[in-house]
Amino acid sequence: MNATTLHTGTLAHLRGDPFAQPDALEIIPDGALAVDAQGHIAAYGPRPELLARFPEARRIDHGPDWLIPGLVDGHIHFPQFYATAAPGGQLLDWLERSVFPAEAAFQDVDFATATAGRFVAKLLAAGTTTALVFGSQYYPANAALFAAAKRSGLRLIAGMTLMDRNGPPVLLQTLDQAVDGMAKLMALCEGEPRLHYAITPRWPMACTETLLGICGELLRDQPTAYLQAHINENHGEIAAVASGFPDSRDYLDVYDRYGLVGPRTVLAHSLHSSARELDRMAGAGCAVCHCPTSNLYLGSGLFPLLRHVERGIPVIMGTDIGAGTEFSLWRELAETYKVQQLQGLGLDAARLLYLGTLGGAKALWLDHATGNFAPGKDADFFALAVGDDAYLAARLARCDSWEQRLFCLLHLAGPAQVRATYVQGRIVTVF
């Protein structure tokens with residue numbers, strides 16, 4: 001019996017980096033994706049060719065729907081699941097008024113467990129198959145998140161949000177609690193190829209120098225671990241770090257002094273980074289995550305994408321729930337277009353799709369496993385419906401090229417158009 005499954009539809013993915021490779025975007029209107037019994041991509045190409053190559057394959061016909069590689073969300077806060085659309089001014093005031101109370105609720109194990117399932121389902125429903133997540137301050141809540149991801153197949157990189165000062169006492173850990181919690185969560189990832197640990201100091205003012213030092217030691221001792229943190233998001237935040245660490249040259253230097261800046265580091269925001277900081281990021285090989293909806297919601301500023309790309313700094317996209325108001329990374333790509341328009345940079349469909357798929361996978365060192373339809377990778381993708389919405393279908397019919405159609409979809413489609421999401425070839429959501 002042939003265990004191959006053939007998915008047919010319109011395929012769109014990136015074969016390389018469109019910021020450097022003009023022909024990186026590939027769209028196959030009458031395409032097919034072959035998935036083997038292990039959930040890996042066996043082949044892709046024009047439908048007639050794959051039907052001839054796999055004549056006995058089980059077929060799933062997606063009709064006019066588009067098949068897109070699974071989206072990669074590079075910055076989202078699990079314990080802020082119910083903090084979206086909360087008032088509170090800009091960053092620091094918003095944290096005090098709206099976020100910290102929401103995060104404290106995750107000390108209730110039953111609540112955290114139920115929310116973990118909803119969190120994972122929400123991401124998958126939006127076409128996200130890989131996510132880098134700021135976890136809870138509480139070990140049981142994080143264990144529930146890893147368990148929910150394992151059940152569903154979501155590729156999860158997450159870590160306990162570390163805080164031992166400058167926050168409500170209920171959210172602060174002792175050093176022993178932090179070290180013990182991280183060790184137990186890292187153990188949960190052992191032998192699980194789709195689960196990874198990220199050391200997660202919230203930001204310098206939430207962590208004592210001792211805790212930052214522990215993070216640096218752990219990063220050196222655990223070569224497969226990631227490091228995620230915030231940087232240069234908001235002027236008030238930057239001023240606080242400068243005041244709290246007067247001997248450091250700038251925000252990035254605080255992290256650098258504790259060994260936290262390296263090739264597996266992902267720094268969220270980087271709106272106001274100096275030339276020195278950007279040069280150092282590029283030299284260290286660390287990545288930056290852009291969260292446009294969040295940046296606009298908190299009035300933090302506009303992300304200078306070109307300054308990062310010109311230096312070769314990998315850029316990944318993030319929803320940044322709860323300052324972000326959309327769980328859909330696809331929606332964030334549309335917002336990225338608008339933010340860059342305000343700065344004189346026009347992004348085409350290829351570059352936008354790259355930022356949400358292959359670019360994100362590369363930034364997380366996961367492009368060997370996901371990001372496009374290259375044979376051998378995990379069959380992580382979603383089906384984007386185009387025929388159910390009469391206006392959307394009519395608008396697409398008026399486009400002159402398939403690239404124009406993709407550009408329209410990037411702006412007009414959203415979670416409502418995600419018909420199904422697949423991880424390793426297995427369907428996990430149907431709408």
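Biologist: At what angle do H4 and H5 pack, and how far apart are their axes?

Modeller: Please keep in mind throughout that this is a predicted model. In general, two packed helices are described by the angle between their axes and the distance between the axes. Here H4 and H5 pack at about 10°, and their axes are 10 Å apart. Since angles under 35 degrees count as roughly parallel, H4 is therefore roughly parallel to H5, and the crossing of the two helices is right-handed.

Biologist: Which residues of H4 and H5 make the contact?

Modeller: From H4 come Tyr 139, Asn 142, Ala 143 and Phe 146, while H5 contributes Gly 181, Lys 184, Leu 185, Leu 188 and Cys 189. By class, the residues of this contact between H4 and H5 divide into six nonpolar, two polar and one charged.

Biologist: How many residues does H4 have, and how far does it reach from its first C-alpha to its last?

Modeller: Helix H4 covers residues 139–152, which is 14 residues, and it reaches 20 Å from first to last C-alpha, close to the 20 Å expected at 1.5 Å a residue. Its buried residues are Ala 141, Asn 142, Ala 143, Ala 144, Leu 145, Phe 146, Ala 148, Ala 149 and Ser 152, and of these Asn 142, Ala 143 and Phe 146 also belong to the contact with H5. Just after H4 comes Gly 153, with a positive phi of about 100°.

Biologist: Which residues take a positive phi although they are not glycines?

Modeller: Asn 166 has a positive phi of about 55° without being a glycine, and Asp 320 has one of about 50°, again without being a glycine. Asn 166 sits in the loop between strand E8 (161–162) and helix H5 (175–189), whereas Asp 320 is placed in the loop between E13 and H12.

Biologist: Is Asp 320 buried or exposed?

Modeller: Residues under 20% relative accessible area count as buried, and Asp 320, with a relative accessible area of 3%, is therefore buried. Asn 166, by contrast, has 48% relative accessibility and so counts as partly exposed.

Biologist: Where is there a cis peptide bond, and what is its omega?

Modeller: The cis bond joins Ile 321 and Gly 322, with omega at about 5°. Gly 322 lies in the loop between strand E13 (315–317) and helix H12 (329–341), and Phe 327 is found in the loop between E13 and H12 as well.

Biologist: What is Phe 327 in contact with, leaving aside its neighbours within four places in sequence?

Modeller: With those neighbours set aside, Phe 327 is in contact with Ile 76, Phe 81, Lys 122, Leu 123, Ala 126, Thr 319 and Ile 321. The contact with Ala 126 illustrates how sequence and space can be read together, for Phe 327 and Ala 126 are 201 residues apart in sequence and 6.8 Å apart in space, C-alpha to C-alpha. Phe 327 is buried, with a relative accessible area of 12%.

Biologist: At what angle do the axes of H15 and H16 cross?

Modeller: The axes of helix H15 (residues 390–397) and helix H16 (residues 402–412) cross at roughly 150° and come within 9 Å. That makes H15 roughly antiparallel to H16, and their crossing is right-handed. Tyr 391, Leu 392, Arg 395 and Leu 396 of H15 meet Arg 405, Cys 408, Leu 409 and Leu 412 of H16, a contact whose residues divide into six nonpolar, no polar and two charged.

Biologist: Which residues does Ala 413 touch, not counting residues up to four places away in sequence?

Modeller: On that count, Ala 413 touches Trp 330, Arg 331, Leu 384 and Cys 408. Ala 413 lies in the loop between H16 and strand E15 (418–423), and at 1% relative accessibility it counts as buried.

Biologist: Where does Ser 300 lie?

Modeller: Ser 300 is in the loop between helix H10 (292–297) and helix H11 (305–309), and at 4% relative accessibility it counts as buried. Not counting residues up to four places away in sequence, Ser 300 touches Glu 233, Asn 234, Leu 271, His 272 and Asn 295.

Key
Residues are numbered from 1 along each chain as its sequence is written. This is a predicted model: local features need pLDDT of at least 70, side-chain atom pairs count only at pLDDT 80 or more; totals for chains, interfaces and linings use all residues. Side-chain values use heavy atoms; hydrogens and water are left out. Helices (H or I, at least four residues) and strands (E, at least two) are DSSP runs, numbered from the N terminus. Buried means under 20% relative accessible area, exposed over 50%, partly exposed in between (1.4 Å probe, protein chains only). The expected span of a helix is 1.5 Å times one less than its number of residues. Axes are lines fitted to C-alpha atoms, for helices over the stretch in contact, and angles run from 0 to 180 degrees between N-to-C directions. Angles under 35 degrees count as roughly parallel, over 145 as roughly antiparallel, 65 to 115 as roughly perpendicular and the rest as oblique. A crossing is left-handed if the near helix is turned anticlockwise from the far one by less than a right angle, and right-handed if clockwise. Contact means heavy atoms within 4.5 Å. Ala, Val, Leu, Ile, Met, Phe, Trp, Tyr, Cys and Pro count as nonpolar, Asp, Glu, Lys and Arg as charged, and the others, Gly among them, as polar.
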